[in-house]
Amino acid sequence: MSIAELESRRPPPSHPAYRMPLTAAALTAAAFFVLCLVVLHPGYETDDDISMISLASGYVGGTRLPFLIYSNVLWGLLLDTLYGLPGRTNWGVVALLVTNFVATTGLLYLIFSRPLRASATLFGVLVVLLVDAHFILNITFTTSAAYACIAGFCLQLQGAHGRTGGNLGLVCVGVLLVLLGGLIRFESMLLSLALLLPPLILCARTFQPKRLFVLLAVTTGLVACAALADRMYVRASPEWSAFYRYDQARSLLHDTPRLANSRALAKQVGWTKNDLENFRYWFFPDAQVYSLAHLETLDALVSDKRRGQQGSELIFLRSLRSPNAAPYLVLLAAIGLCAWLRARRKRNYLPFAALPFSFVALALFLAWSMKLPDRVMLSFLAALALYSLAVFDWLSLLEPALGDAPVVKRFSRAVRASAVALVAVALVLVAVQSSRANATFSAKRAAYAGILADLDKLQADGTLPKDALIVSAGHGIPLEWSDPLVLDLPRVHYLPMGWLTFSPAYESVLKEFGVAALPDSLVRSKHLYLLTQASLMRGVQEFIRQHDATIATTHTIYKMPPLPGDMVYRQMVLYSVD
């Protein structure tokens, strides 16, 4: 009996989702989001997002701004419009969640629309939802952009596939998701594409070349136009253009091994050991010491590569051993078993093998030349899982071969049972981690509310003047502990420095409060207060002594209560300096 005759005898899928794939996908995604946003509750993964939101909402500088530094100004203009609406909705996070919802619905649609057995459909649905669970609960624009791009590429390529393509709506949604991902974080789009290219090249024979070329051309054109619009808009503002250049020079030190390699060469720009340590911990407000010329000189002199490949491998392995990576690794093991079972031909193994090889190469390169934070590692692992599911469809491996011998069928059932067991393990891991994350975020929200109440009380009883401005060196008020769905920023005047230092918004706040420059104004201004860790305060005092020939004395105004288990905001103290 021929393969065609066997295929004709295959019974159609019996589950109703196949007949209404979009409805099934939207309802499944909606139920999943209700679980993550209502039953559980998300939180910020880093402080970068809330810093960008403080610009977009106008909290820093008093004017809503589209210049988000790490996102395209087109995305910033969208948020500018949304934050102009009445209410306390945190539109920056809502926009990320809406993008995530569209991406999840699109991926689920790809699964529900395929003629799969119910067990295979359930397997695919669980992979998508388990991959996305961490990204919804731990909000950051980096992973949101990566997830949108991964989903967008999968949807687009379905439209270029020789056997299943032709859904224009699907293609348009895919292009939109890639464009949005590129607006949110351009680098995330590039890494998602770099991981996709090897298996895509190996599966090229299964695509219609004309469709594929048109899709790539349209997507590339739209992303390029958006990037060009961003550059032109920034260049039209001299102050922000200058700051973008400064921030790029700064990030080449903070975000690469240059900072660790610069100890011997810091003297070339007149930095003392204390100057370098203050810069390392995000206190660099002196415009002369930390000038653009000094930063660019260090960027040129200091090597941007980590010393020794072994260090890069250790960083890679340490990131891979992160507890958050465990569910992804278990899911990848389950997908690997299915690929081994269904590939059937040796050449079909190559696209699956290309994915982990390209992942390891990219991750090691980042560990060697930049950073490899958990959020980037998890984006890689999510791409591995979702692209692997796409490869099954590209190679027509969604169903096992018909007409196998009984012994082969028994072996297949054993492998499938192992894959199901691994997915169950991943489900348990995600449930445990989600529950712990929810408890942690709840504790942080309560602690944040207590800190804001304490600061309000200090102003009410006169300990802190009404016109007081609190600035933070390194870390200060933990804004990322706030509820991400609600815009709940401090009611006291607060200027978080960090990478906002020297931005036009930063300068606007200093001008509003009559502060000429930092850090010398800490001593001269009576309404300026510094919130920082006790250990860093000693470095600030030493900096003032070395560069201003002034002995700065401090008075403790408030000690931030510690959160059990938190290491970032330990020993935070609000000081007055004279």
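**Exercise 1. How many of the eight residues of helix H13 (residues 273-280) are buried?**

Before we start, note that this is a predicted model, where local features need pLDDT of at least 70, side-chain atom pairs count only at pLDDT 80 or more, and totals for chains, interfaces and linings use all residues. Residues are numbered from 1 along each chain as its sequence is written, and side-chain values use heavy atoms, with hydrogens and water left out.

*Solution.* 
- Step 1: Get the terms clear. Helices (H or I, at least four residues) and strands (E, at least two) are DSSP runs numbered from the N terminus. Buried means under 20% relative accessible area, exposed over 50%, and partly exposed in between, with a 1.4 Å probe and protein chains only.
- Step 2: Count. Six of the eight residues of H13 are buried, so the helix is mostly covered under this definition.
- Step 3: Name them: Asn 274, Asp 275, Leu 276, Asn 278, Phe 279 and Arg 280.
- Step 4: Look for the cover. It includes helix H11 (238-254), helix H12 (258-261), helix H14 (292-301) and H22. Contact here means heavy atoms within 4.5 Å.
- Step 5: Walk just past the helix end, where Trp 282 has a positive phi of about 70 degrees.

**Exercise 2. Find the order of the five strands in the open sheet.**

*Solution.* 
- Step 1: Two strands pair if DSSP finds at least two bridges between them.
- Step 2: Strand E4 (493-496) and strand E6 (554-559) are the edges, each pairing on one side only.
- Step 3: Zoom in on one pair. Strand E5 (residues 528-533) and strand E7 (residues 572-577) run antiparallel over five bridges, and Thr 532 stands opposite Val 573 in E7.

**Exercise 3. Is Leu 202 buried or partly exposed, and which residues does Leu 202 touch?**

*Solution.* 
- Step 1: Locate Leu 202 in helix H9 (residues 186-202).
- Step 2: Its relative accessibility is 34%, so Leu 202 counts as partly exposed.
- Step 3: Leaving out residues up to four places away in sequence, Leu 202 touches Leu 350, Pro 351 and Ala 354.
- Step 4: Compare sequence with space: Leu 202 and Arg 347 are 145 residues apart in sequence, but 8.9 Å apart from C-alpha to C-alpha.
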